[in-house]
Amino acid sequence: MYKKYFLLLLLFLPSFATAGVRTGLDALIDAKATLLKGNRIGLIVNQTSRTSSGEYGPDLFLKLKDLPLVALFSPEHGIEGLRRAGVNSDTVEKYKGVPVYSLYGSTRKPTPSMLRGIDVLIFDIQDIGVRPYTYLSTMILAMEAAAENKVEFIVLDRPNPLGGERIEGNIIDSALKSFVGQVPIPYIHGMTLGELAMMAKGERWFKSADKLKLSVIQLKGWSRSMTWNETGLNWIAPSPNIPTFESAVGTAMFGAIGELGVLSIGIGSDKPFLRLGSRLINGDTLLLIAESVLPKQVEVKRADFTVPYADSTKTYSGLEITLPRSIKSISRLYGPEFELFSGLLYNAQFKHSFDATTMSTKLMFEKVTGTEKVISALQLSSMDNLTPISIVISSWKKDEAAFKLKRQKYLLYK
């Protein structure tokens, strides 16, 4: 009987029920980092490395006794998360006297010289739950480097904002492995980075995996059914174009198609990944197609928008996306964007622009989607014939089911 009343409390008072979610960093600090005593530390962090009360991870480590902080390492966007996507940096910065090595430059894997003097390498960065987001790749390559250099590796776990139950998309083709697709998982994987670290080691997805000493400091109070807005944690933008949790969801929904550069997905606007627009197609027409293919739980309305460009701005005839209160009600996040794009190809100018897309752009799109089949299907599709892309999306069910089974033994949370 008491269990019944407790479940009702969870249902009707979610803010009270989920207020206790604490991150791996919280758990480590609560334990006064005693498991690390006497070790020299390296931290892979950015601006998201904060406790639930807002304290910055590197500052906390600098205060700990008997734990020399030897070096910091930053992913794409830099340690403060301010660099634009794709901007490389080889500059060795300093944070309160500690060197900060970039892992998004000529090297994306810690070198032996960077790891010199480090006993334990700790990863503490917030992910957004989609395969191409490069923080996952940074973690995998850092694990490989740690294994090769006999350095212990610890992941301070954080929630998957999209929750731990949703799995959508294909497993990447091994020929398309890249920094935006480092490991064979679906586009939306439903795992925390701590769980993925365990899986990457267990499945030997990186060199010398058997040699790595790996630990995960687990979340407290998080369950697989929770999406970000149920955790009680404050959102800290993990990168410039993900200012809100809603933009993270928008990335899952529209991020891939934006790689083709033909349809704007609002990057640079006030609502990145939550706006869709074109300078080739009237917004009213775009609205009609969007309403016919996007999930019914998503509200789509006409809203033109501007994006800064060089010394001017570009205005797009377009749409604004509004998500439902709970994204759990959205039937499918990944896939409808391709049906939308397919429907737009009826327009001669839009199709011409798509056909003129450079080979390098198409290759990047294939790396992000992890398959050549999507772009091949788009080339065969039109507003009157969505069958090719619909067949591709349906074919992913096999990969999704197989991955759900394969990941089971690596899950840390119920």
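**Close-up views of a predicted model**

**View 1. Strand β4 is largely enclosed by the rest of the structure, because four of its five residues (98-102) are buried.** Welcome to this predicted model. Strand β4 has a partner on either side: three bridges join β2 to β4, and these two run parallel, while β3 and β4 pair in the antiparallel sense, also over three bridges. Look for V100 in β4, the bridge partner of L72. The residue E93 also stands opposite V100. Strands β3 and β4 form a hairpin with two residues between them, and K96 in the turn has a positive phi of about 50 degrees.

**View 2. Seven strands make up an open sheet with mixed pairing.** Which strands stand at the edges? They are β3 (93-95) and β7 (214-217), each with a single partner strand, so one side of each has no neighbour in the sheet. On average, neighbouring strands of this sheet are turned by 25 degrees against each other, direction ignored.

**View 3. Strands β1 (residues 41-45) and β2 (residues 69-74) pair in the parallel sense.** Four bridges link β1 and β2.

**View 4. Helix α6 (residues 135-148) packs with helix α7 (residues 193-202).** Two packed helices are described by the angle between their axes and the distance between the axes. For α6 and α7, the angle is about 40 degrees and the axes are 11 Å apart. The two helices are therefore oblique to each other, and α6 passes α7 in a right-handed crossing. Which residues of α6 meet α7? They are L136, M139, I140 and M143, and they meet L193, L196, A197 and A200 in α7. By class, this contact has eight nonpolar residues, with no polar and no charged ones.

**View 5. Helix α8 (residues 245-254) is mostly covered.** How many of its ten residues are buried? Nine of them are: F245, S247, A248, V249, G250, T251, A252, M253 and F254. If you look at what covers these buried residues, you will find, among others, β8 (275-278), β11 (312-322) and α10 (336-344).

**View 6. K409 lies in the segment after α14 (387-406).** Is K409 buried or exposed? K409 has a relative accessible area of 65%, and because exposed means over 50%, this residue counts as exposed. Now find M198 as well: K409 and M198 are 211 residues apart in sequence, and their C-alpha atoms are 9.5 Å apart in space.

Note on methods. Residues are numbered from 1 along each chain as its sequence is written. This is a predicted model: local features need pLDDT of at least 70, side-chain atom pairs count only at pLDDT 80 or more; totals for chains, interfaces and linings use all residues. Side-chain values use heavy atoms; hydrogens and water are left out. Axes are lines fitted to C-alpha atoms, for helices over the stretch in contact, and angles run from 0 to 180 degrees between N-to-C directions. Angles under 35 degrees count as roughly parallel, over 145 as roughly antiparallel, 65 to 115 as roughly perpendicular and the rest as oblique. A crossing is left-handed if the near helix is turned anticlockwise from the far one by less than a right angle, and right-handed if clockwise. Contact means heavy atoms within 4.5 Å. Ala, Val, Leu, Ile, Met, Phe, Trp, Tyr, Cys and Pro count as nonpolar, Asp, Glu, Lys and Arg as charged, and the others, Gly among them, as polar. Two strands pair if DSSP finds at least two bridges between them. Buried means under 20% relative accessible area, exposed over 50%, partly exposed in between (1.4 Å probe, protein chains only).
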